[in-house]
Amino acid sequence: MTRQRSSPHSPVAAADTVRPDPLPFHRPWIDEEEIAEVADTLRSGWLTMGPKTLRFEEAFAAYVGARHAVAVSSATAGLHLAVDALDLAPGDEVITSPYTFTATAAVVLHAGARPVFADVLADTLTIDPAEVARRITPRTRAILPVHMAGLPCAMDELLAIADRHRLAVIDDAAHALPARWGDRMIGTLGDLTVFSFYAGKNITTGEGGMITTAREDFAARLRTRRLHGISRDAWKRYSTQGSWYYEVESPGFKYNMTDINAALGLHQLRKADRFHALRARYAALYRTGLADLDEIQLPAEPEGVQHAWHLFVIRLRPGRLRIDRDAFVEALRARNIGTSVHFIPLHLQPYYRRAFGYTPDDFPRATAAYRGALSLPLYPRMSEDDVHDVIDAVRRIVQENRR
Ligand SMILES: Cc1ncc(COP(=O)(O)O)c(C=O)c1O
């Protein structure tokens, strides 16, 4: 079926067309090599954490240039282990962004500490270092910046603040593979960095995550705590008791990756640069195709960073359209374009309102951004035609709803 296209994206659009098939918000890219590797794992008889997980960890550490990489069952598990590694006491505080997924702050609560939100910068949606500095108290133990949508936070300033106040830095890099701050990969800056391989992320293992760190003591602790707090080396010390022997050093978690997941990860990682090049190309197409629309704020791309382009978050500028964000999302859906919203800020969520008494005005930039934000589809499995369909649909909806 041939479709009439309205590209190039001139303000005077050509004939209005709706793509016949729905464009999902995301689809993972899985080749036969991933399928064969998973089948090989199933046939090998070793299903849980084993040789493929170790290979994936080594390859991942080499890819980001980190000293250690510890594979886990999800980024949520990884964030929990990272916060756990800091030995926080009740009443300790961890400063993070409200413009994130619930896991970022939930793990701080699971560790018995208090998440303290600091508002984001209006243009980048990443945590504002000045707001972080303002919220430091004698109980502050760590900063947990979120590289929102794959855009690195202002790491020079955040690392300087952490240094000055002797705070740990845990990067939530769920979106940030591969991303760079200057010439350094995200994964090598903070004390601990956590990546996600959830089905919708830049590379996927179905579910999964990775923690990177330069610190030997953290790496050893993460490896023990991800597997019940059981020492891997106990059987060596008590070799006469055989390989069945183990010692529980602390009440750990069950957060290990499995070789079934790692089988996927080994091949996905090899494609990470190729995937990223496509994401960057599609992001550039969106930028060009939507540049002249005053009604829409495009994502920031500051100098000196490599954006991982996990998400392409556009924002409807207030007062420019006759419809709000929710109606815009619906209008795109009616045109067969899947979208999502990242994120509903945590201070607007019932739990955080109830537990901490937050109001929308407490973090006004996050609140304002959320009201206009929607994420356009952005993934390597899309074609350039798909990207142009999205651009055409956005342009058409803007034209029909201008004030
Ligand atoms: C910013 C952020 N942090 C953490 C997570 C948790 O990742 P996972 O699903 O791998 O636990 C997500 C997931 O969407 C996320 O977007």
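Modeller: Let's begin with helix H1, residues 32-44, and helix H9, residues 259-270: in this predicted model, their axes come within 8 Å and cross at roughly 150°. Angles over 145 degrees count as roughly antiparallel, so H1 is roughly antiparallel to H9. The crossing of H1 with H9 is right-handed.

Now look at the side chains between them. From H1, the residues that take part are Glu33, Glu34, Glu37, Val38, Asp40 and Thr41. They meet Asp259, Ile260, Ala263, Leu264, Leu266, His267 and Gln268 of H9. Sorted by class, this contact of H1 with H9 holds five nonpolar, three polar and five charged residues.

H9 has another partner to look at, helix H2 (residues 51-64). The axes of H2 and H9 come within 8 Å and cross at roughly 35°. Here the crossing is left-handed. H2 brings Lys52, Thr53, Arg55, Phe56, Ala59, Phe60 and Tyr63 to the contact, and H9 answers with Asp259, Ala262, Ala263, Gly265, Leu266 and Leu269. This contact of H2 with H9 is made up of eight nonpolar, two polar and three charged residues. If you follow Asp259, Ala263 and Leu266 on your screen, you will find them in the contact with H1 and also in the contact with H2.

A further pair is helix H10 (residues 272-290) with helix H14 (residues 384-401). Their axes come within 10 Å and cross at roughly 30°. Angles under 35 degrees count as roughly parallel, and H10 and H14 are therefore roughly parallel to each other. H10 and H14 pass in a right-handed crossing. On the H10 side you can pick out Tyr282, Leu285, Tyr286, Gly289 and Leu290, while Glu384, Val387, Ile391 and Val394 come from H14. Seven of the residues in the contact of H10 with H14 are nonpolar, one is polar and one is charged.

Val108 sits in helix H4. Val108 counts as buried because 26 other C-beta atoms lie within 10 Å, and the cut-off for buried is 20 or more. Setting aside neighbours within four places in sequence, Val108 is in contact with Val83, Val94, Ala113, Arg114 and Pro115.

Arg371 has 14 other C-beta atoms within 10 Å, so it is partly exposed. Arg371 and Val341 are separated by 30 residues in sequence and by 9.8 Å in space, C-alpha to C-alpha.

H4 also leads us to the ligand. Which elements give two or more residues to the shell around the ligand? First, the shell itself: 14 residues surround the ligand, and the closest are Ser74, Ala75, Thr76, Ala174 and Ser196. The elements that give two or more residues to this shell are helix H3 (75-84) and helix H4 (102-110). By class, the shell has six nonpolar, seven polar and one charged residues.

The loops deserve a stop too. Asp87 is not a glycine, yet its phi is positive, about 50°. With 10 other C-beta atoms within 10 Å, Asp87 is exposed. Ala149, in the loop between strand E4 (140-144) and helix H6 (155-165), also has a positive phi without being a glycine, near 70°. Ala149, however, is buried, having 26 other C-beta atoms within 10 Å.

Finally, look for two cis peptide bonds. One runs from Leu177 to Pro178, with omega near -5°, and Pro178 is in the loop between strand E5 (168-172) and strand E6 (180-181). Another runs from His342 to Phe343, again with omega near -5°. You will find Phe343 in the loop between helix H11 (325-334) and helix H12 (350-356).

How values were computed
Residues numbered from 1 in each chain as written. Predicted model: local features only at pLDDT ≥ 70, side-chain atom pairs only at ≥ 80, totals over all residues. Axes fitted to C-alpha atoms, helices over the stretch in contact; angles between N-to-C directions. Helix = DSSP H or I, 4+ residues; strand = E, 2+ residues; numbered from the N terminus. Parallel < 35°, antiparallel > 145°, perpendicular 65-115°, else oblique. Left-handed = near helix turned anticlockwise from the far one by under 90°. Contact = placed C-beta atoms within 7 Å. Nonpolar A, V, L, I, M, F, W, Y, C, P; charged D, E, K, R; others polar. Near = placed C-beta within 6 Å. Buried ≥ 20, exposed ≤ 12 C-beta atoms within 10 Å, placed from the backbone.
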